[in-house]
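Q: Could we go through this model together, starting with how the chains meet?

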Amino acid sequence: MREGKIAVVGDKDLILAFKAISMEVFCADTKEEGEAIVKKLAKTHSVIFITENLAEQMDSLLAKYKTKAYPAIIPIPDGGKSNGYGMKGIKADVERAIGTDILFNKED
Amino acid sequence: MAERLNVNPTRMELKRLKTRLKMAVRGHKLLKDKSDEMIRRFMEFANQNKALREQVEVQLKSALTTFVIAKAVSDDAVIQEAVAMPSKSVKIELDSQNIMSVEVPLISVKASTDGDKYPYSFSGVTAELDNSVEVMNGLLESMVKLAEVEKTCNMLAIEIEKNRRRVNALEYVMIPQLEETIRFITMKLDENERSTIVRLVKVKAMIAEEV
């Protein structure tokens, strides 16, 4: 059992809301900024929430962190509406494990 | 037909291959069972993950909407100032859990009792900001839970894929190869034996003729 830190990466307006509940926030507007911040945070923080727009752009970098338990990098919707990137991640996981998507194509 | 291994057709080699085949079949069965169980566990997590993500996305949306409203009704500088100094820090506790020999994270929020929930003075800001902070605070736990479940899903999916490759390699490459080689060696040995018998019979016949 050890202690960890949470970080939120996203654009300026959104992260203010997370700052209000005392999370550590990091502002990133472009892909390059985001990548640099995530690389740095991966060493110090164990849970990183990142906005979907940004996460989508740096897909290849995030894929590297998928195999280890920490850091957990989780996409969150930004600006009130989700572009479905987070859900796509779950879908991709299911497809990878089962071979076909049985979670979202359920006929019910 | 699988290609046979490049080995000498000797009895010793045959014995060695037979042990290897036995091991491969046993390993294949074990890995297949492991794969089945991992998929069962994975589906549980995937369902949980989906439900949790839907919930978090809806809640976060409403929290952010209230935050935007809060920002709209008061001055930008006021909001900036209000949230600039957090009164407490969010701490989480990390642990790991072993699911089918995959080390997955176990994260829990460490409830901090010290510090005020609202990091600002009520006189300065509007009620909308209070609302959004309230909702966001409630959201924290489910977000951390989401992080844990989603990471578990990710890791299990990767492991299942790896495991499936192993199972397939055993089932479609290794085992047929070993079987084919064993068949080849057995045939070769049998052929040798037959030729020896025929030779002996011939020699005996020749000796019998001479006498």
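A: Two strands are said to pair if DSSP finds at least two bridges between them. Helices (H or I, at least four residues) and strands (E, at least two) are DSSP runs, numbered from the N terminus. This is a predicted model, in which local features need pLDDT of at least 70, side-chain atom pairs count only at pLDDT 80 or more, and totals for chains, interfaces and linings use all residues. Residues are numbered from 1 along each chain as its sequence is written, and chains are lettered from A and ligands numbered from 1 in the order in which they are written.

Q: Which residue stands opposite Gly4(A)?
A: Ile92(B), in strand 1 of chain B, stands opposite Gly4(A). Strand 1 of chain A and strand 1 of chain B (residues 91-99) pair in the antiparallel sense over 3 bridges.

Q: How many residues of each chain are in contact?
A: On chain A there are 36, in contact with 51 residues of chain B; two residues are in contact if their C-beta atoms, placed from the backbone, lie within 7 Å.

Q: Which element gives the most to the side of chain A that touches chain B?
A: Helix 5 of chain A does, with 8 residues. That side of chain A divides into 22 nonpolar, 7 polar and 7 charged residues (Ala, Val, Leu, Ile, Met, Phe, Trp, Tyr, Cys and Pro count as nonpolar, Asp, Glu, Lys and Arg as charged, and the others, Gly among them, as polar).

Q: Turning to chain B, in what order do its elements run?
A: From the N terminus on, they run α-α-β-β-α.

Q: And how does helix 1 of chain B pack with helix 3 of chain B?
A: Helix 1 of chain B packs with helix 3 of chain B (residues 127-210) at an angle of about 165°, with their axes 4 Å apart. Their contact divides into 38 nonpolar, 16 polar and 16 charged residues.

Conventions. Axes are lines fitted to C-alpha atoms, for helices over the stretch in contact, and angles run from 0 to 180 degrees between N-to-C directions.
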